[in-house]
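Here is a short report on a protein model and its ligands. Look at the structure first, then read on.

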Amino acid sequence: MVKAKKFVLINQFSGFPKESDVEIQEEELPEIKDGEFLCESLYISVDPYQRAYPQKTGDVIMGSQVAKIIESKNPEYPVGKHVVGHYGWKTHHILDNSPSRLGIPPKIIPDDLGVNLSHFLGVLGLTGLSAYFGFLKICRPKAGETVVISAAAGAVGSIVGQLAKNRQCKALKESAPEGVDIYFDNVGGEISAIVLKHMKEYGRISVCGSISSYNEKEEIRVPLVQRDMVSKQLKMEGFLIKQFVDYFSEGVYENARWLKQGKLKSKETITKGFENTFQAFTNMLRGKNFGKALVEL
Ligand SMILES: NC(=O)C1=CN([C@@H]2O[C@H](COP(=O)(O)OP(=O)(O)OC[C@H]3O[C@@H](n4cnc5c(N)ncnc54)[C@H](OP(=O)(O)O)[C@@H]3O)[C@@H](O)[C@H]2O)C=CC1
Ligand SMILES: CCCCCC(=O)/C=C/[C@@H]1[C@@H](C/C=C\CCCC(=O)O)[C@@H](O)C[C@H]1O
(Lines give C-alpha, C1' and ligand atoms only; values in the text may rest on other atoms or scores of the structure.)
(Ligands and ions follow the chains in the order given, each with its own letter.)
Protein backbone atom coordinates (compact mmCIF):
# COMPACT_ATOMS: atom_id res chain seq x y z
CA MET A 1 0.00 0.00 0.00
CA VAL A 2 1.44 3.37 -1.02
CA LYS A 3 0.72 6.59 0.86
CA ALA A 4 0.65 9.60 -1.46
CA LYS A 5 1.19 13.13 -0.23
CA LYS A 6 -0.70 15.91 -1.95
CA PHE A 7 -1.10 19.68 -1.73
CA VAL A 8 -4.78 20.53 -1.33
CA LEU A 9 -6.30 24.00 -1.67
CA ILE A 10 -8.12 24.70 1.60
CA ASN A 11 -8.72 28.47 1.18
CA GLN A 12 -9.23 30.30 -2.08
CA PHE A 13 -6.17 32.42 -2.87
CA SER A 14 -6.83 36.09 -2.29
CA GLY A 15 -3.99 38.49 -3.07
CA PHE A 16 -0.56 36.89 -2.75
CA PRO A 17 -0.92 33.13 -1.93
CA LYS A 18 -0.41 32.25 1.76
CA GLU A 19 0.89 29.01 3.28
CA SER A 20 -2.40 28.74 5.16
CA ASP A 21 -4.26 28.49 1.82
CA VAL A 22 -2.90 24.99 1.22
CA GLU A 23 -2.38 21.85 3.26
CA ILE A 24 -0.32 18.73 2.72
CA GLN A 25 -2.61 15.73 3.11
CA GLU A 26 -1.92 11.99 2.93
CA GLU A 27 -3.93 9.54 0.92
CA GLU A 28 -3.65 5.75 0.94
CA LEU A 29 -3.71 4.62 -2.65
CA PRO A 30 -5.62 1.43 -3.54
CA GLU A 31 -4.12 -1.52 -5.45
CA ILE A 32 -3.83 -0.80 -9.15
CA LYS A 33 -6.38 -2.41 -11.46
CA ASP A 34 -5.96 -3.76 -15.01
CA GLY A 35 -5.09 -0.89 -17.36
CA GLU A 36 -3.64 1.23 -14.55
CA PHE A 37 -0.12 2.03 -13.43
CA LEU A 38 1.39 3.61 -10.33
CA CYS A 39 3.98 6.32 -10.73
CA GLU A 40 6.14 8.31 -8.37
CA SER A 41 6.72 12.00 -9.11
CA LEU A 42 10.36 12.97 -9.62
CA TYR A 43 9.82 16.62 -10.63
CA ILE A 44 6.83 18.89 -10.12
CA SER A 45 6.24 22.12 -11.98
CA VAL A 46 5.30 25.38 -10.25
CA ASP A 47 3.65 27.84 -12.62
CA PRO A 48 1.89 31.21 -12.61
CA TYR A 49 -1.39 29.72 -13.87
CA GLN A 50 -1.72 27.83 -10.56
CA ARG A 51 -2.40 31.26 -9.08
CA ALA A 52 -4.38 32.67 -12.00
CA TYR A 53 -6.75 29.84 -12.79
CA PRO A 54 -9.71 29.26 -10.47
CA GLN A 55 -9.37 26.00 -8.54
CA LYS A 56 -11.89 24.37 -6.23
CA THR A 57 -11.32 24.24 -2.48
CA GLY A 58 -10.57 20.62 -1.56
CA ASP A 59 -8.90 19.87 -4.89
CA VAL A 60 -5.26 18.94 -5.38
CA ILE A 61 -3.38 21.97 -6.75
CA MET A 62 -3.19 21.60 -10.52
CA GLY A 63 0.20 21.11 -12.17
CA SER A 64 2.48 18.96 -14.30
CA GLN A 65 4.98 16.33 -13.23
CA VAL A 66 7.63 13.97 -14.53
CA ALA A 67 7.12 10.62 -12.83
CA LYS A 68 8.64 7.14 -12.81
CA ILE A 69 6.41 4.11 -13.30
CA ILE A 70 6.93 1.84 -10.28
CA GLU A 71 4.09 -0.66 -10.76
CA SER A 72 2.01 -1.41 -13.82
CA LYS A 73 -0.93 -3.41 -15.12
CA ASN A 74 -0.82 -1.65 -18.47
CA PRO A 75 1.64 -2.96 -21.08
CA GLU A 76 1.78 0.47 -22.77
CA TYR A 77 3.22 1.92 -19.54
CA PRO A 78 5.91 -0.51 -18.33
CA VAL A 79 7.72 -0.29 -14.99
CA GLY A 80 10.91 1.78 -15.17
CA LYS A 81 9.69 4.16 -17.90
CA HIS A 82 9.14 7.85 -17.20
CA VAL A 83 6.01 9.78 -18.03
CA VAL A 84 5.07 13.43 -18.20
CA GLY A 85 1.53 14.29 -17.15
CA HIS A 86 -0.69 17.02 -15.78
CA TYR A 87 -2.24 15.57 -12.65
CA GLY A 88 -1.40 17.97 -9.84
CA TRP A 89 0.99 18.43 -6.91
CA LYS A 90 1.10 14.86 -5.61
CA THR A 91 3.93 12.42 -4.83
CA HIS A 92 2.26 9.36 -6.36
CA HIS A 93 -0.50 8.89 -8.91
CA ILE A 94 -2.50 5.94 -10.13
CA LEU A 95 -3.10 6.65 -13.80
CA ASP A 96 -4.36 4.93 -16.92
CA ASN A 97 -4.32 6.11 -20.50
CA SER A 98 -7.17 8.61 -20.05
CA PRO A 99 -6.41 12.18 -21.03
CA SER A 100 -5.52 14.87 -18.50
CA ARG A 101 -7.18 18.30 -18.48
CA LEU A 102 -4.93 19.21 -21.41
CA GLY A 103 -6.63 16.51 -23.47
CA ILE A 104 -3.60 14.23 -23.68
CA PRO A 105 -2.86 10.91 -21.96
CA PRO A 106 0.32 10.53 -19.87
CA LYS A 107 3.20 10.67 -22.34
CA ILE A 108 6.10 8.22 -22.12
CA ILE A 109 9.45 10.03 -22.26
CA PRO A 110 11.79 8.32 -24.77
CA ASP A 111 14.94 6.94 -23.07
CA ASP A 112 17.26 7.85 -25.91
CA LEU A 113 16.89 11.63 -26.11
CA GLY A 114 19.91 12.27 -23.92
CA VAL A 115 18.40 15.25 -22.10
CA ASN A 116 17.54 15.78 -18.42
CA LEU A 117 14.12 14.52 -17.33
CA SER A 118 13.43 17.91 -15.73
CA HIS A 119 13.54 19.51 -19.19
CA PHE A 120 10.14 17.91 -19.91
CA LEU A 121 8.63 20.45 -17.53
CA GLY A 122 10.67 23.32 -18.99
CA VAL A 123 12.29 23.74 -22.37
CA LEU A 124 10.63 20.53 -23.66
CA GLY A 125 7.45 21.01 -21.61
CA LEU A 126 4.54 23.43 -21.65
CA THR A 127 6.68 26.53 -21.08
CA GLY A 128 9.20 25.70 -23.83
CA LEU A 129 6.31 24.83 -26.12
CA SER A 130 4.58 28.13 -25.28
CA ALA A 131 7.77 29.89 -26.36
CA TYR A 132 8.07 27.78 -29.52
CA PHE A 133 4.47 28.12 -30.72
CA GLY A 134 3.64 31.49 -29.17
CA PHE A 135 6.69 33.14 -30.70
CA LEU A 136 7.46 31.26 -33.92
CA LYS A 137 3.89 30.54 -35.06
CA ILE A 138 2.10 33.65 -33.78
CA CYS A 139 4.79 36.32 -34.27
CA ARG A 140 6.47 34.82 -37.37
CA PRO A 141 9.79 36.60 -36.69
CA LYS A 142 12.08 37.73 -39.50
CA ALA A 143 15.83 38.36 -39.32
CA GLY A 144 16.69 41.87 -38.19
CA GLU A 145 13.40 42.49 -36.40
CA THR A 146 13.35 43.96 -32.90
CA VAL A 147 11.69 41.77 -30.28
CA VAL A 148 10.71 42.82 -26.77
CA ILE A 149 9.91 40.18 -24.16
CA SER A 150 8.39 40.83 -20.74
CA ALA A 151 9.43 38.53 -17.83
CA ALA A 152 12.38 37.70 -20.08
CA ALA A 153 14.35 35.79 -17.43
CA GLY A 154 11.56 33.32 -16.71
CA ALA A 155 10.67 29.91 -18.09
CA VAL A 156 8.85 31.04 -21.22
CA GLY A 157 10.65 34.37 -21.66
CA SER A 158 14.17 32.94 -21.52
CA ILE A 159 13.38 30.49 -24.33
CA VAL A 160 11.66 33.16 -26.45
CA GLY A 161 14.78 35.34 -26.12
CA GLN A 162 17.01 32.55 -27.42
CA LEU A 163 14.63 31.64 -30.24
CA ALA A 164 14.61 35.31 -31.26
CA LYS A 165 18.42 35.44 -31.34
CA ASN A 166 18.52 32.18 -33.31
CA ARG A 167 16.26 33.89 -35.87
CA GLN A 168 18.75 36.78 -36.04
CA CYS A 169 16.32 39.12 -34.30
CA LYS A 170 17.39 41.79 -31.82
CA ALA A 171 15.94 40.59 -28.49
CA LEU A 172 15.48 43.24 -25.82
CA LYS A 173 14.06 43.19 -22.32
CA GLU A 174 12.89 46.77 -22.49
CA SER A 175 11.40 49.03 -25.09
CA ALA A 176 13.61 49.89 -28.08
CA PRO A 177 14.21 53.49 -29.23
CA GLU A 178 13.94 52.58 -32.91
CA GLY A 179 10.64 50.79 -32.42
CA VAL A 180 9.45 47.27 -31.79
CA ASP A 181 8.39 44.74 -34.42
CA ILE A 182 7.38 41.96 -32.03
CA TYR A 183 6.25 42.03 -28.41
CA PHE A 184 6.02 38.72 -26.54
CA ASP A 185 3.91 39.57 -23.52
CA ASN A 186 4.05 37.53 -20.33
CA VAL A 187 3.19 40.37 -17.96
CA GLY A 188 0.38 42.63 -19.25
CA GLY A 189 -0.77 45.83 -17.59
CA GLU A 190 1.16 49.05 -17.58
CA ILE A 191 4.44 47.75 -19.03
CA SER A 192 2.54 46.34 -22.01
CA ALA A 193 0.69 49.59 -22.58
CA ILE A 194 4.10 51.33 -22.71
CA VAL A 195 5.55 48.79 -25.17
CA LEU A 196 2.50 49.19 -27.40
CA LYS A 197 3.33 52.89 -27.72
CA HIS A 198 6.72 51.88 -29.19
CA MET A 199 5.44 49.34 -31.70
CA LYS A 200 6.27 49.83 -35.37
CA GLU A 201 3.62 49.69 -38.06
CA TYR A 202 2.40 46.10 -38.66
CA GLY A 203 3.93 44.95 -35.38
CA ARG A 204 2.85 41.62 -33.87
CA ILE A 205 2.03 40.95 -30.23
CA SER A 206 1.78 37.47 -28.78
CA VAL A 207 -0.12 37.53 -25.48
CA CYS A 208 1.08 34.57 -23.44
CA GLY A 209 0.07 35.76 -19.97
CA SER A 210 -0.54 38.72 -17.69
CA ILE A 211 1.29 37.86 -14.48
CA SER A 212 1.19 41.47 -13.25
CA SER A 213 -2.52 40.94 -12.55
CA TYR A 214 -2.62 37.45 -10.99
CA ASN A 215 -2.23 38.51 -7.35
CA GLU A 216 -4.28 41.68 -7.58
CA LYS A 217 -7.57 41.80 -5.69
CA GLU A 218 -8.93 44.77 -7.61
CA GLU A 219 -9.59 44.85 -11.34
CA ILE A 220 -6.66 46.55 -13.08
CA ARG A 221 -7.20 49.63 -15.20
CA VAL A 222 -4.66 50.27 -17.96
CA PRO A 223 -4.30 53.00 -20.59
CA LEU A 224 -6.29 52.70 -23.80
CA VAL A 225 -4.41 50.56 -26.36
CA GLN A 226 -6.83 50.74 -29.29
CA ARG A 227 -5.41 53.96 -30.75
CA ASP A 228 -1.98 52.33 -31.20
CA MET A 229 -3.54 49.10 -32.43
CA VAL A 230 -5.47 50.93 -35.14
CA SER A 231 -3.03 53.63 -36.15
CA LYS A 232 -0.10 51.20 -36.46
CA GLN A 233 -2.22 48.31 -37.78
CA LEU A 234 -0.94 45.96 -35.09
CA LYS A 235 -1.88 42.30 -34.68
CA MET A 236 -2.38 41.03 -31.13
CA GLU A 237 -3.14 37.36 -30.48
CA GLY A 238 -3.61 35.55 -27.19
CA PHE A 239 -3.16 31.80 -26.89
CA LEU A 240 -3.37 28.88 -24.52
CA ILE A 241 -0.73 26.29 -25.28
CA LYS A 242 -3.35 23.52 -25.50
CA GLN A 243 -4.39 25.08 -28.83
CA PHE A 244 -1.22 23.52 -30.30
CA VAL A 245 -1.59 20.09 -28.68
CA ASP A 246 -1.69 18.25 -32.04
CA TYR A 247 1.71 19.77 -32.92
CA PHE A 248 3.45 19.27 -29.55
CA SER A 249 5.82 16.61 -30.93
CA GLU A 250 7.13 19.12 -33.51
CA GLY A 251 7.90 21.65 -30.75
CA VAL A 252 9.54 19.05 -28.48
CA TYR A 253 11.61 17.69 -31.38
CA GLU A 254 12.79 21.13 -32.53
CA ASN A 255 13.57 22.46 -29.04
CA ALA A 256 15.44 19.19 -28.23
CA ARG A 257 17.43 19.46 -31.48
CA TRP A 258 18.46 23.06 -30.72
CA LEU A 259 19.26 22.09 -27.12
CA LYS A 260 21.66 19.38 -28.33
CA GLN A 261 23.22 21.74 -30.87
CA GLY A 262 23.80 24.28 -28.10
CA LYS A 263 21.46 26.77 -29.79
CA LEU A 264 19.12 26.65 -26.81
CA LYS A 265 20.27 26.62 -23.19
CA SER A 266 17.93 25.54 -20.45
CA LYS A 267 18.01 27.36 -17.12
CA GLU A 268 16.20 25.79 -14.19
CA THR A 269 15.71 26.88 -10.58
CA ILE A 270 15.26 23.64 -8.69
CA THR A 271 13.89 23.45 -5.14
CA LYS A 272 14.42 20.13 -3.34
CA GLY A 273 11.69 18.30 -1.43
CA PHE A 274 7.96 17.88 -2.02
CA GLU A 275 7.18 19.73 1.23
CA ASN A 276 8.81 22.85 -0.27
CA THR A 277 6.58 22.96 -3.36
CA PHE A 278 4.47 25.83 -2.07
CA GLN A 279 7.59 27.80 -1.17
CA ALA A 280 8.97 27.17 -4.68
CA PHE A 281 5.67 28.44 -6.07
CA THR A 282 5.69 31.70 -4.08
CA ASN A 283 9.41 32.22 -4.82
CA MET A 284 8.56 31.97 -8.52
CA LEU A 285 5.72 34.49 -8.11
CA ARG A 286 8.22 36.82 -6.37
CA GLY A 287 10.61 36.54 -9.32
CA LYS A 288 13.32 34.56 -7.48
CA ASN A 289 13.63 32.04 -10.32
CA PHE A 290 15.83 32.10 -13.41
CA GLY A 291 14.38 29.97 -16.16
CA LYS A 292 11.97 27.21 -15.17
CA ALA A 293 10.97 26.89 -11.51
CA LEU A 294 10.75 23.22 -10.50
CA VAL A 295 10.63 20.97 -7.48
CA GLU A 296 12.76 17.84 -7.29
CA LEU A 297 11.32 15.18 -4.99
N1 LIG B 1 -0.65 30.92 -22.63
C2 LIG B 1 -0.16 29.79 -22.13
O3 LIG B 1 -0.55 28.69 -22.48
C4 LIG B 1 0.89 29.91 -21.10
C5 LIG B 1 1.08 31.09 -20.48
N6 LIG B 1 2.04 31.25 -19.53
C7 LIG B 1 2.19 32.59 -18.99
O8 LIG B 1 3.49 33.03 -19.31
C9 LIG B 1 3.95 33.93 -18.32
C10 LIG B 1 5.31 33.48 -17.82
O11 LIG B 1 5.16 32.19 -17.23
P12 LIG B 1 6.45 31.36 -16.80
O13 LIG B 1 7.50 31.57 -17.81
O14 LIG B 1 6.01 30.00 -16.48
O15 LIG B 1 6.82 32.08 -15.44
P16 LIG B 1 8.22 32.75 -15.07
O17 LIG B 1 9.26 31.70 -15.01
O18 LIG B 1 8.42 33.90 -16.00
O19 LIG B 1 7.96 33.24 -13.60
C20 LIG B 1 7.15 34.31 -13.38
C21 LIG B 1 7.93 35.63 -13.45
O22 LIG B 1 7.03 36.69 -13.55
C23 LIG B 1 7.61 37.86 -13.00
N24 LIG B 1 6.60 38.54 -12.21
C25 LIG B 1 5.99 38.12 -11.10
N26 LIG B 1 5.10 39.01 -10.65
C27 LIG B 1 5.15 40.05 -11.52
C28 LIG B 1 4.48 41.29 -11.60
N29 LIG B 1 3.55 41.66 -10.71
N30 LIG B 1 4.79 42.12 -12.62
C31 LIG B 1 5.73 41.77 -13.52
N32 LIG B 1 6.40 40.60 -13.49
C33 LIG B 1 6.10 39.75 -12.50
C34 LIG B 1 8.78 37.40 -12.15
O35 LIG B 1 9.98 37.79 -12.78
P36 LIG B 1 10.68 39.22 -12.52
O37 LIG B 1 9.85 39.93 -11.51
O38 LIG B 1 12.04 38.86 -12.03
O39 LIG B 1 10.67 39.83 -13.87
C40 LIG B 1 8.73 35.89 -12.19
O41 LIG B 1 9.98 35.29 -12.24
C42 LIG B 1 2.87 33.98 -17.25
O43 LIG B 1 2.07 35.10 -17.49
C44 LIG B 1 2.10 32.70 -17.49
O45 LIG B 1 0.78 32.81 -17.03
C46 LIG B 1 2.86 30.23 -19.18
C47 LIG B 1 2.74 29.00 -19.76
C48 LIG B 1 1.71 28.73 -20.76
C1 LIG C 1 -6.47 31.54 -16.65
C2 LIG C 1 -5.16 32.24 -16.71
C3 LIG C 1 -4.21 31.52 -17.62
C4 LIG C 1 -2.98 32.33 -17.77
C5 LIG C 1 -2.11 31.88 -18.86
C6 LIG C 1 -1.38 30.67 -18.46
O7 LIG C 1 -0.48 30.73 -17.65
C8 LIG C 1 -1.76 29.44 -19.06
C9 LIG C 1 -1.14 28.31 -18.76
C10 LIG C 1 -1.58 26.98 -19.26
C11 LIG C 1 -2.60 26.34 -18.38
C12 LIG C 1 -3.92 27.02 -18.46
C13 LIG C 1 -4.71 26.65 -17.30
C14 LIG C 1 -6.00 26.94 -17.30
C15 LIG C 1 -6.64 27.58 -18.48
C16 LIG C 1 -8.10 27.40 -18.50
C17 LIG C 1 -8.58 26.56 -19.65
C18 LIG C 1 -8.63 25.11 -19.32
O19 LIG C 1 -7.68 24.39 -19.64
O20 LIG C 1 -9.65 24.64 -18.80
C21 LIG C 1 -2.64 24.90 -18.82
O22 LIG C 1 -3.40 24.77 -19.99
C23 LIG C 1 -1.22 24.62 -19.13
C24 LIG C 1 -0.49 25.94 -19.11
O25 LIG C 1 0.46 25.97 -20.01
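Predicted model: local features only at pLDDT ≥ 70, side-chain atom pairs only at ≥ 80, totals over all residues.

Tyr53 brings a polar side-chain atom to 3.3 Å from a ligand 2 oxygen. How much of ligand 2 does the protein cover? On its own, ligand 2 has 560 Å² of accessible area, and the protein covers 76% of that.

The residues around ligand 2 include Tyr49, Ala52, Leu102 and Leu126. Cys208, Tyr214, Leu240 and Ile241 are also among them. By class, the shell holds 9 nonpolar residues, no polar ones and 2 charged ones.

Now turn to ligand 1. Its shell has 22 residues, and Asn186, Tyr214, Phe239, Ile241 and Asn289 come nearest. Here a backbone N or O atom of Asn186 lies 2.8 Å from a ligand oxygen. A polar backbone atom of Val156 is 2.8 Å from an oxygen atom of ligand 1. Tyr214 uses its side chain, with an N or O atom 2.7 Å from a ligand 1 oxygen. The protein covers 78% of the 900 Å² of accessible area that ligand 1 has on its own.

Which helices supply the shell around ligand 1? Helices α2 (126–137), α3 (155–166) and α7 (277–285) each give at least two residues. This shell divides into 12 nonpolar, 10 polar and no charged residues.

Where do the shells sit in terms of domains? Around ligand 2, at least three residues come from each of domain 1 (2–125 + 266–296) and domain 2 (126–240). For ligand 1, the shell likewise takes at least three residues from each of domain 1 and domain 2.

The table lists how they pair.

| Strands | Sense | Bridges | One bridge pair |
|---|---|---|---|
| β10 (180–185) and β11 (199–207) | parallel | 5 bridges | Tyr183 and Ile205 |
| β11 and β12 (235–238) | parallel | 4 bridges | Ile205 and Met236 |

Ile205 of β11 is the bridge partner of Tyr183. In β12, Met236 is the bridge partner of Ile205.

Conventions
Residues numbered from 1 in each chain as written. Chains lettered and ligands numbered in written order. Heavy atoms only, no water. Near = heavy atom within 4 Å. Polar contact = N/O pair within 3.5 Å; in protein donor to acceptor, adjacent residues only side chain to side chain. Areas by Shrake-Rupley, 256 points an atom, 1.4 Å probe, with all protein chains shown as cover. Nonpolar A, V, L, I, M, F, W, Y, C, P; charged D, E, K, R; others polar. Domains from an automatic or database assignment. Pairing = 2+ DSSP bridges.
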